[in-house]
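Open the model in your viewer and keep the selection tool at hand.

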4 protein chains.
Amino acid sequence: MERIKLGMVGGGNDAFIGAVHRIAARIDDKFELVAGALSSTPEKSVASGEALGLKRVYEDFKKMASREARRKDGIEAVAIVTPNHVHYKAAREFLKRGIHVICDKPLTSTLPDAKKLVQAVEDSDVLFILTHNYTGYPMVRQAKQMVADGAIGRVRVVQVEYPQDWLTVDQDIKQARWRTDPAQSGAGGSVGDIGTHAYNLACFITGLEAETLSADLQSFVSGRQLDDNAHVMLRFEGGARGMLWSSQVAPGNENALRIRVYGETGGLEWAQEDPNYLWHTPFGQPKRLITRNGSGASVAAGRVSRIPPGHPEGYLEGFANIYSEAAEAIIAARDGQPAPEGVLYPTVYDGLKGVQFVTACVKSSARNAAWIDLDL
Amino acid sequence: MERIKLGMVGGGNDAFIGAVHRIAARIDDKFELVAGALSSTPEKSVASGEALGLKRVYEDFKKMASREARRKDGIEAVAIVTPNHVHYKAAREFLKRGIHVICDKPLTSTLPDAKKLVQAVEDSDVLFILTHNYTGYPMVRQAKQMVADGAIGRVRVVQVEYPQDWLTVDQDIKQARWRTDPAQSGAGGSVGDIGTHAYNLACFITGLEAETLSADLQSFVSGRQLDDNAHVMLRFEGGARGMLWSSQVAPGNENALRIRVYGETGGLEWAQEDPNYLWHTPFGQPKRLITRNGSGASVAAGRVSRIPPGHPEGYLEGFANIYSEAAEAIIAARDGQPAPEGVLYPTVYDGLKGVQFVTACVKSSARNAAWIDLDL
Amino acid sequence: MERIKLGMVGGGNDAFIGAVHRIAARIDDKFELVAGALSSTPEKSVASGEALGLKRVYEDFKKMASREARRKDGIEAVAIVTPNHVHYKAAREFLKRGIHVICDKPLTSTLPDAKKLVQAVEDSDVLFILTHNYTGYPMVRQAKQMVADGAIGRVRVVQVEYPQDWLTVDQDIKQARWRTDPAQSGAGGSVGDIGTHAYNLACFITGLEAETLSADLQSFVSGRQLDDNAHVMLRFEGGARGMLWSSQVAPGNENALRIRVYGETGGLEWAQEDPNYLWHTPFGQPKRLITRNGSGASVAAGRVSRIPPGHPEGYLEGFANIYSEAAEAIIAARDGQPAPEGVLYPTVYDGLKGVQFVTACVKSSARNAAWIDLDL
Amino acid sequence: MERIKLGMVGGGNDAFIGAVHRIAARIDDKFELVAGALSSTPEKSVASGEALGLKRVYEDFKKMASREARRKDGIEAVAIVTPNHVHYKAAREFLKRGIHVICDKPLTSTLPDAKKLVQAVEDSDVLFILTHNYTGYPMVRQAKQMVADGAIGRVRVVQVEYPQDWLTVDQDIKQARWRTDPAQSGAGGSVGDIGTHAYNLACFITGLEAETLSADLQSFVSGRQLDDNAHVMLRFEGGARGMLWSSQVAPGNENALRIRVYGETGGLEWAQEDPNYLWHTPFGQPKRLITRNGSGASVAAGRVSRIPPGHPEGYLEGFANIYSEAAEAIIAARDGQPAPEGVLYPTVYDGLKGVQFVTACVKSSARNAAWIDLDL
């Protein structure tokens with residue numbers, strides 16, 4: 001099977017997430033990075049491309065889209081890993097030329113952009129994959145499958161949190177600058193950068209959507225324009241309730257995304273920093289530790305896992321699973337086929353929900369935590 | 001030093017918390033249980049008293065108060081361990097007769113009762129100790145001291161939760177019946193029974209009071225009259241914010257009271273089920289595990305600890321600490337002295353705050369999670 | 001039921017274990033401490049007795065034994081909590097006068113003394129209880145019951161360890177002095193003080209006895225006369241094998257007794273510092289967390305547990321269980337009855353095995369870790 | 001920088017470790033797999049090669065070595081991932097033709113083979129890298145650096161263990177068959193397959209070599225020819241002592257390699273299944289949790305880590321580090337340079353020590369756990 005030719009927008013020398021996407025694309029050997037427009041500054045783009053040994057380096061994503069579309073050996077997919085406000089503009093160029101798009105989250109920096117991007121995807125005949133990478137972890141798949149199979153009964157309560165600590169003090173580094181700048185990030189600070197992951201994870205595992213939320217956002221660090229801590233209460237369709245906490249000012253939390261789901265007959269717990277474990281309590285029985293590829297793990301987890309239990313997989317493998325799922329869908333699409341059964345990746349609609357979540361949080365907080373419908 | 005003669009109201013044969021109070025009073029050998037009115041049913045009271053080998057058994061607390069007050073060797077203190085709605089009526093009888101009162105939480109089942117009880121205490125010249133027992137744990141003392149000493153800087157965020165699972169299904173046992181009956185428990189279900197503990201713990205450790213809250217209460221089990229799950233957002237004086245979750249329908253949680261406090265320069269984490277550990281992260285340094293009586297533990301923790309590190313103390317020892325603090329205060333009071341420096345126990349004012357918390361939660365939830373001031 | 005009148009030998013003002021025994025005896029209210037010879041120095045004995053409010057204070061244990069035996073209200077049992085070399089001499093005095101003996105471990109400081117003590121017990125008509133207190137933990141009882149019930153199949157491998165760190169450097173405190181003095185402790189250092197606990201625990205849970213061992217003992221701290229670290233290989237009857245590690249020079253270990261038992265069909269893990277948890281893996285199934293009094297806990301654990309799951313019990317409660325088991329046996333003995341079914345406590349024979357273990361370790365190490373039979 | 005052309009011997013369709021090597025070689029994009037002799041059965045070799053999309057597939061490693069050596073674009077390095085008994089024969093072919101060898105562990109199935117392989121490497125002018133992959137984990141590097149820097153003082157005690165459970169019952173699968181066959185594995189069962197990893201890790205972190213050992217090996221599963229459980233006592237140069245346990249019959253242990261090192265002033269603990277954490281206790285201070293790339297992590301850990309703290313790296317990244325270290329050395333060797341400072345990988349001498357360890361274990365056990373020098 002020939003590897004999928006991949007281009008990349010963003011992800012230049014000093015970017016974090018671009019390097020992650022490149023490793024993720026490489027792990028299962030289904031992609032080959034061949035082209036890039038790696039920075040909004042043309043010189044940086046060229047320098048970064050050369051540093052990576054790329055042969056086709058472009059000054060900007062527009063040129064890349066148009067020229068690659070004309071090549072016989074042009075890219076079949078593009079990874080967009082820029083700051084949020086560029087996602088829509090960049091994605092549009094590739095979608096309209098029939099190039100599959102793999103895009104980092106959140107979908108866009110504004111709700112109108114998100115809706116236009118949904119339209120652009122619907123108008124195209126290609127795939128759009130959003131890298132809500134935490135849904136790629138095998139034990140997250142396991143949890144989703146267990147909820148769907150009724151292992152904990154009807155869901156009542158969702159507790160999801162995503163605390164970090166790196167913005168506890170003002171940080172003058174590139175990663176911090178754009179994430180705390182409304183023009184590049186959008187109206188959400190922590191809610192956009194990591195709250196969207198938490199929200200997406202809650203919906204992914206439970207199979208539920210929230211209808212309305214009440215949010216209390218704070219900016220604790222002096223001079224910061226966007227929230228760095230957010231408290232959110234959620235009401236899901238069908239009666240389940242949730243709490244969501246995102247924070248970037250919680251010392252002792254590196255990247256502590258964690259979810260707990262409680263239903264009428266049991267509970268599930270998962271933590272991103274120890275991702276190979278899933279705790280399951282059938283009510284009235286001892287808590288059980290289900291491990292990746294271990295006893296008790298399901299097919300849904302096993303198909304996105306590479307190595308035996310006890311040999312930990314991590315963040316990069318979970319991220320790689322999104323790429324490999326995308327690859328399976330792209331390869332099927334070559335023959336006009338839908339993705340094979342079981343293949344699962346976040347879509348543009350998940351992305352829209354994330355931007356609705358951010359928008360609703362900001363709106364609710366501005367109205368003193370009034371309940372705001374998510375269907376904005 | 002002569003042991004303090006203690007009476008008990010409530011705590012008959014099939015009660016849970018009465019037995020706990022008795023062991024707690026015994027551990028440090030500062031009390032001697034000599035009298036009791038152990039049930040609201042006179043026959044049960046007598047039978048329970050005999051089973052305990054008590055010599056002075058009364059049919060009801062009124063008789064006990066009046067007769068003990070007249071004895072030369074009458075009780076010096078009384079423990080009230082009845083369902084909530086009896087607390088005020090019982091305490092009043094002893095307070096007015098100059099007998100110190102040790103009372104289980106929450107203070108009362110209604111806010112008016114709570115205020116009357118505050119008045120009754122102020123009108124008396126005796127001590128009133130509320131058994132918010134979790135403040136007796138050495139590492140909780142350690143946490144409070146560290147916050148006061150500035151170990152984590154000005155507090156920004158408080159995450160406190162108290163999930164249990166025993167009411168996941170309808171339970172027809174005594175412990176469940178009165179706790180889910182508004183007439184005996186008051187207007188709060190989980191918020192009254194365990195949410196008050198969580199709220200008290202947050203205030204105790206941070207030294208802060210909440211000004212206002214927004215609460216979303218649920219009763220998930222069909223037919224249940226009181227909340228069995230509660231989501232609460234808190235705003236503390238001085239700008240700190242918090243989330244509080246109490247639940248009795250979260251399978252896999254036995255008694256999982258847990259608190260995390262984040263300040264400008266560090267974070268603290270403590271969990272009741274593993275109470276001998278306190279996690280401290282000074283921002284920018286590795287997380288540290290402070291253990292009871294171990295390296296890094298302070299005098300505040302050491303003075304309420306009995307045995308060396310690595311020899312775990314538990315719930316009963318933490319509870320006993322409240323009794324032993326009470327004993328020190330009572331003994332000092334014999335000579336008209338204030339409690340010795342460092343002695344610390346929850347008071348009737350902490351109890352009032354707890355009832356205000358419950359009342360505010362119920363009121364807020366009834367108004368769709370509107371913000372309600374706690375100064376009710 | 002009248003409380004058992006208890007005397008105490010040793011356990012004066014600055015002793016650790018004496019205070020533990022007193023609390024343990026008090027927790028379940030079955031004993032009343034009425035007499036003591038609390039130190040080998042008569043003045044200290046008197047001063048310590050007064051500090052405790054004891055009415056009958058003796059200058060030495062001989063006087064206490066003879067005088068108490070003559071009183072109508074004399075002690076029914078005595079707790080011996082002296083350094084090891086006094087155990088035999090003290091126990092003898094009480095045994096021959098028909099007073100039940102509760103004795104700290106190890107049984108004696110020498111093997112001949114141990115054998116004489118066995119004889120003395122056999123010659124008496126009273127009970128001898130050795131406080132191998134770790135066998136009092138509910139989850140240790142649970143583990144023993146599960147092995148007996150075949151939950152892990154025939155035992156193959158036992159891994160038991162007991163590391164501490166308090167003797168990492170030379171300590172000039174009372175607790176350290178006698179424990180590192182061969183004249184008071186016997187020939188074993190860490191193997192006697194804590195290795196015996198580990199060995200006893202392994203035998204208690206598995207129901208097996210070791211036949212032979214190979215030991216490599218070290219004294220890492222300069223000038224120390226007894227071992228402070230010991231590596232032991234064990235061969236049990238029936239083919240099971242084990243490793244035992246005891247150490248008092250392992251920084252980061254406070255009191256980290258831990259055991260893992262593996263059989264043909266499953267495994268069990270328990271750690272003293274987190275004593276409310278027992279891990280059980282049925283081979284081919286997920287690991288399960290059995291909690292004290294929680295789902296999955298057995299009657300054997302429940303009968304020595306006081307409070308609901310999630311309310312941690314600790315070291316003192318585990319110790320108290322030995323006292324309460326002793327009390328049940330003593331009360332039955334008043335009527336010439338055997339202890340009720342299920343009552344379990346370490347005996348003089350367990351004590352002899354412990355001294356044989358220490359003796360074999362020292363002998364083996366002196367012979368370059370040659371295999372030494374335990375049946376010495 | 002051009003990628004290193006890599007060939008592979010072994011690692012056909014149903015092999016576990018071959019796939020791991022391929023991913024590991026790919027993660028950092030420094031190798032390109034171009035040739036293979038993937039099975040000892042020529043047809044399987046061809047089929048496996050085709051399945052991987054390899055263009056140069058050989059029937060056996062001899063042909064591969066001779067033909068690749070003659071090509072201008074021939075492989076620069078070969079990965080040998082066969083059962084143990086083939087390592088020497090295969091490596092020899094490539095070494096003598098100037099092709100760098102990356103070889104799985106243990107080095108060989110016999111001690112004579114190991115010595116011949118050392119000679120072959122010394123006679124060649126190429127590099128030999130042994131994939132003791134656990135030394136590639138960042139926190140293992142951190143631990144080694146800390147010991148070297150004196151963070152725990154002079155080492156006294158090493159506790160290392162490597163339990164698994166997959167051979168608890170007889171397994172008729174390829175992975176189990178060759179590992180339990182002396183002709184393919186060598187004289188060691190668990191000691192060869194995983195004990196060598198544990199031993200290597202102990203030496204790597206402490207910087208010490210063991211001088212002598214005493215081993216008690218068992219085969220618990222009926223009919224098994226090689227040990228499936230091993231108890232080993234170690235004596236290191238300079239006086240440190242250790243215990244090593246390897247087992248493949250310990251239910252509940254998936255791949256639980258774990259090491260604890262204690263010195264005169266502190267302790268370190270690391271567990272493979274949670275590899276992003278390293279526990280450090282400076283004696284007399286609280287235990288600290290050092291995290292990969294987090295506060296407290298050193299340059300030694302950071303240079304083999306890709307992503308921020310809290311984003312877990314796992315087994316494959318640790319394995320990839322060995323490949324990337326190899327790549328740096330190979331690239332330097334192109335110019336006749338030594339590997340850059342800091343580059344670290346296991347060598348043929350580490351491999352020899354591993355085979356000596358296995359040989360000594362088997363010999364010791366056959367002599368009833370007599371002490372055997374490792375310098376065989």
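**Stop 1: two helices of chain A**

Helix 3 of chain A and helix 4 of chain A are roughly parallel to each other, because the angle between them falls under 35 degrees. The model is predicted. To find the pair, select residues 61-70 of chain A for helix 3 and residues 84-95 of chain A for helix 4. They pack at an angle of about 10°, and their axes are 9 Å apart.

Now show the side chains where the two helices meet. On helix 3 of chain A, pick A:Phe61, A:Lys62 and A:Ala65. Across from them, on helix 4 of chain A, are A:Ala90, A:Glu93 and A:Phe94. Colour this contact by class: four of its residues are nonpolar, two are charged and none is polar.

**Stop 2: the domains of chain A**

Next, colour chain A by domain. The domain assignment gives domain 1 as residues 4-126, and domain 2 as residues 137-306 together with 353-373. Between the C-alpha centres of domain 1 and domain 2 of chain A the distance is 27 Å.

How many residues of domain 1 of chain A are in contact with domain 2 of chain A? There are 13, and they touch 14 residues of domain 2.

**Stop 3: chain A and chain B**

Show chain B beside chain A. A rotation of 180° with 0.0 Å of shift along its axis places chain A on chain B, with an RMSD of 0.0 Å. Each chain brings 31 residues to the contact, and 100% of the contact residues of chain A recur in chain B.

Select the strands of chain A that each supply at least two residues to this side: strand 7 (155-163), strand 8 (210-218), strand 9 (229-236), strand 10 (241-247), strand 12 (266-271) and strand 13 (277-282). Which strand of chain A gives the largest share? Strand 10 of chain A does, with four residues. By class, the side of chain A that touches chain B holds 13 nonpolar, 12 polar and six charged residues.

**Stop 4: chain A and chain D**

Chain A is superposed on chain D by a rotation of 180° with 0.0 Å of shift along the axis, at an RMSD of 0.0 Å. That is the relation of a two-fold axis. To find where chain A comes nearest to the axis, select A:Gly314: its C-alpha is 2.5 Å from the axis. The same surface serves both copies, since 100% of the contact residues of chain A recur in chain D.

The contact takes 26 residues from chain A and 26 from chain D. On chain A, select helix 1 (17-27) and helix 11 (315-334), which each supply at least two residues of the side that touches chain D. Helix 1 of chain A gives the most, with four residues. Coloured by class, this side of chain A shows 12 nonpolar, six polar and eight charged residues.

Key
Residues numbered from 1 in each chain as written. Chains lettered and ligands numbered in written order. Predicted model: local features only at pLDDT ≥ 70, side-chain atom pairs only at ≥ 80, totals over all residues. Axes fitted to C-alpha atoms, helices over the stretch in contact; angles between N-to-C directions. Parallel < 35°, antiparallel > 145°, perpendicular 65-115°, else oblique. Contact = placed C-beta atoms within 7 Å. Nonpolar A, V, L, I, M, F, W, Y, C, P; charged D, E, K, R; others polar. Least-squares fit on C-alpha atoms with pLDDT ≥ 70 in both. Domains from an automatic or database assignment.
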